[in-house]
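Hello,

Here is the structure you will be working with. Please open it first, then read the notes below it.

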Amino acid sequence: MSAPALADVTLLASSSIEFNVSGVVDQFWRLTVEGLTYGSIYALVAVGYTLVYGVLRLINFAHSEVFMLGMFGQLVGLMVFGFAASGDVYSQGVALTIVYLALAMVFGMLVSGVAAVGLERVAYRPLRKRGAKPLIFLITAIGMSFVLQEFVHYVLPKLTGNKLGGLNAQQPITLVRPSEQFTLFDAPVTNIALVIVGAAVALALITELLINKTKFGRSIRAVAQDPDTATLMGVSRERVIMLTFLIGGVLAGAAALLYTLKIPNGIIYNGGFILGIKAFSAAVLGGIGNLRGALLGGLLLGLAEDYGQILFGTQWRDVVAFVVLVGVLMVRPTGILGESLGRARA
């Protein structure tokens, strides 16, 4: 058999479906822990998608690049404070680890928040003033996604003397090394998994309280329900939209730190693309426009990915997530929990 033929056989073999049911059963709890860890990150990014959609009916595809900029923001913040990317802060004590984690998260939130607000001011606000159609907003969002990617790919290296950006991933950040804390039905639960799930759920709940229990939250729900009436009642629509983008961006910056804890070498110009699509899928799966739906969708998508990669093979990990999404939408187009932000209780 010729070499090309052998290569074809290898390619077909790697693309086959395994149906490894016993593998899923044997590793069920380990897969559950891993799935919830990744799902928590998806959920936090999904909240940004669902907030903007709830207020503007806009699918902000550039949100994935806001997340990517947050990863670079945390890296810059750590560099400013003298952290060596290859260092191991965890071995030097819990206090120093918490300080660096807090610094990284603050810088990530700051950069992502500013990027999200800047995106709204530069790209979307002028279109709103011109009364552009929804399709124009969608195309603009996709265009801005590529603009931000290529800025980090080509322009940022020139601005920083090749210290940041470019084609290759940045040097991995190792703030915390994985350490088993306890077992859940013989599945190891690491310190990183605890931090990621705990932080993501806490931030999602804080956002839920902000939207449902504060005056600002009532303004968001009022604009989501009826922007014209809300404006007549004295609500500043433009201010609400700007702060909505800010909240989504800040959450994406926090998710950037959690993602870097899990994938230290994931800081790259296109590192938010696939994750952003999955987070958007999570928002749709749970019911885009519904904050609790974003959290539920993220967790379910993470679980589906991890079970699916063992059941069908690791090469099908991403495919499984999207097949589940399509399957749910065929049965329930509004997602599992439906849309609620627009049905305001203001």
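**Pockets, confidence and annotated spans**

Tyr53, Leu56, Arg57, Leu58, Ile59, Arg128, Ala132, Lys133, Pro134, Phe137, Leu138 and Arg237 line the second largest pocket of this predicted model. Helix H3 (28-56) and H6 each give two or more residues to that lining, and H6 gives the most, with three. Sorted by class, the lining of the second largest pocket holds eight nonpolar and four charged residues, with no polar ones. The space in this pocket is about 260 Å³.

The largest pocket has a volume of about 310 Å³. Its lining has 16 residues, and those nearest the centre are Lys215, Arg218, Ser219, Ala222 and Val235. Helices H8 (215-225), H9 (227-232) and H10 (237-262) each supply at least two lining residues; the largest share, six residues, is from H8. This lining divides into seven nonpolar, five polar and four charged residues.

On confidence, the chain has an average pLDDT of 85, and 91% of the residues score at least 70. Helix H6 (residues 134-159) has the highest mean, 93, while helix H1 (residues 3-14) has the lowest, 46. The pLDDT is below 50 over residues 1-13, and that stretch has two contacts in the model beyond near neighbours in sequence.

The unreviewed UniProt entry annotates several spans as "transmembrane region", among them 135-156 and 192-211. Residues 135-156 are 100% helix, with their end C-alpha atoms 30 Å apart. Residues 192-211 are also 100% helix, and there the end C-alpha atoms are 29 Å apart.

Regards

Note on methods:
Residues numbered from 1 in each chain as written. Predicted model: local features only at pLDDT ≥ 70, side-chain atom pairs only at ≥ 80, totals over all residues. Heavy atoms only, no water. UniProt positions renumbered as here; feature names shortened; annotations may be inferred. Helix = DSSP H or I, 4+ residues; strand = E, 2+ residues; numbered from the N terminus. pLDDT = per-residue confidence, 0-100. Contact = heavy atoms within 4.5 Å. 1 Å grid on protein atoms, 1.4 Å probe; cavity = no way out; pocket = protein on both sides within 12 Å on 5 of 7 lines; lining within 4 Å. Points joined across faces, edges and corners; volume = space filled by probe spheres on them. Nonpolar A, V, L, I, M, F, W, Y, C, P; charged D, E, K, R; others polar.
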